[in-house]
Amino acid sequence: MECPKDKTVTLVDVVLSGDLDAHECPRCQGNWISSAEYERWQADRRPSGVSVHSIAAQGDFNFRPSEFDSKAALCPECKRYMTRARVMVDRPFYIERCPNCNGIWCDRGEWEILEALGLHESIEQLFSGDWQAQMRSLHHNQKERQATIEKLGSEVAQMVFDLAEVLENHPNGEFGVAYLMRRFDRPQEAAGDRATNPPPSLF
Ligand SMILES: [Zn+2]
Ligand SMILES: [Zn+2]
């Protein structure tokens, strides 16, 4: 089998995490895990059930994705284009999987991070619509937070985040939200100004 990122290199046999038979590219150090090998290995374990939010809470791994991470790849077994699944929120990297044979490709270092996150035992969940949607929503929240910090400065932004959390967890939190909305609800006569100078949107 050839490396999906560089077809001139032949993959060699390797063992991951002590007992998973896989293949490695001697040049880019990416790993190919065929579906049969992965399923056999998976059958012996009980996946720990990791959530998107627990992944985000892990913070930064200071991981620099391989320069091949963004390169499209063909499955080394059936030559189909592989699909990509985004893993981290902050500094994303992508795991690839063949939609036909379900073989998995990890660029250099990615298997080790999946292992550290406890995701290596259930890679298929990264490709589910549910996981992808949660990852997008988390990414959106983070962008929104970042934009709020840019507009308000980190000190005031932090007060807003803290207050939002307090209200979220308070049984009567919606009274606080209603109060704030009333405070910022402009009177009718200002409607003309608003039309020419709409309130800033975060995006
Ligand atoms: Zn390679
Ligand atoms: Zn395939």
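The 4 donor atoms around the zinc ion (ligand 2) subtend angles of 99 to 125 degrees, so the arrangement is tetrahedral. Donors here are N, O and S atoms within 2.8 Å of the metal (3.2 Å for Na, K and Ca); water is not among the atoms, so sites may look incomplete. Four donors count as tetrahedral if all angles lie between 85 and 135 degrees. The ideal angle for four tetrahedral donors is 109.5 degrees.

This is a predicted model: local features need pLDDT of at least 70, side-chain atom pairs count only at pLDDT 80 or more, and totals for chains, interfaces and linings use all residues. Residues are numbered from 1 along each chain as its sequence is written, chains are lettered from A and ligands numbered from 1 in the order in which they are written, and side-chain values use heavy atoms, with hydrogens and water left out.

Which residues hold the zinc ion (ligand 2)? Its protein donors are the SG atoms of Cys75, Cys78, Cys98 and Cys101, at 2.2 to 2.3 Å. Along the chain these donors follow the spacing C-x2-C-x19-C-x2-C. Cys78 sits in the loop between helix 2 (52-57) and strand 6 (83-86), and Cys101 in the loop between strand 7 (94-97) and strand 8 (104-106), so the pair ties together parts that are 23 residues apart in sequence. Helices (H or I, at least four residues) and strands (E, at least two) are DSSP runs, numbered from the N terminus. Cys78 is partly exposed, with a relative accessible area of 26%. Buried means under 20% relative accessible area, exposed over 50%, and partly exposed in between (1.4 Å probe, protein chains only).

Now the strands. Strand 6 pairs with strand 7 in the antiparallel sense, over 4 bridges. Two strands pair if DSSP finds at least two bridges between them. Arg86 has Tyr94 in strand 7 as its bridge partner. Strand 7 and strand 8 also run antiparallel, joined by 2 bridges. Here Arg97 stands opposite Ile104 in strand 8. The hairpin of strand 7 and strand 8 has 6 residues between the strands, and in it Asn102 takes a positive phi near 65 degrees. Asn102 counts as partly exposed, at 33% relative accessibility. Not counting residues up to four places away in sequence, Asn102 touches Ser35 and Arg97. Contact means heavy atoms within 4.5 Å.

The zinc ion (ligand 1) comes next. Its protein donors are Cys3 (SG), Cys25 (SG) and Cys28 (SG), lying 2.2 to 2.3 Å from the ion. Their spacing along the chain is C-x21-C-x2-C. Cys3 in strand 1 (residues 2-3) and Cys25 in the loop between strand 4 (20-24) and strand 5 (31-33) are 22 residues apart, and the pair links distant parts of the chain. Both Cys3 and Cys25 are buried.

Turn to helix 1 (residues 35-43). Its buried residues are Ser35, Glu37, Tyr38, Trp41 and Gln42. They cover an arc of only 160 degrees around the axis, which puts them on the same side of helix 1. That arc is taken from the directions from the helix axis to the C-beta atoms. An α-helix has 3.6 residues a turn, so residues three or four places apart point the same way. The face turned away from the buried side of helix 1 carries the exposed residues Arg40 and Ala43. The buried residues of helix 1 pack against strand 4, strand 5, strand 8 and helix 3 (110-117).

Is His120 buried or exposed? His120 is buried, with a relative accessible area of 8%. His120 lies in the loop between helix 3 and helix 4 (129-169). Setting aside residues up to four places away in sequence, His120 touches Ser17, Tyr38, Trp41, Trp111, Leu114 and Glu115.

Last come the cores. A nonpolar core is a set of buried Ala, Val, Leu, Ile, Met, Phe, Trp, Tyr and Cys residues joined through side-chain atoms within 4.5 Å. The largest has 29 residues; those with the most contacts inside it are Val87, Ile95, Trp111, Leu119, Ile123 and Leu126. Strand 4, helix 1, helix 2, strand 8, helix 3 and helix 4 are the elements that give two or more residues to this core. Helix 3 supplies its largest share, 4 residues. Apart from this core lies another, of 11 residues, among them Cys3, Val9, Leu11 and Met82.

Key: Four donors count as tetrahedral if all angles lie between 85 and 135 degrees; four count as square planar and six as octahedral if opposite donors are over 155 degrees apart and all others between 65 and 115; anything else is irregular.
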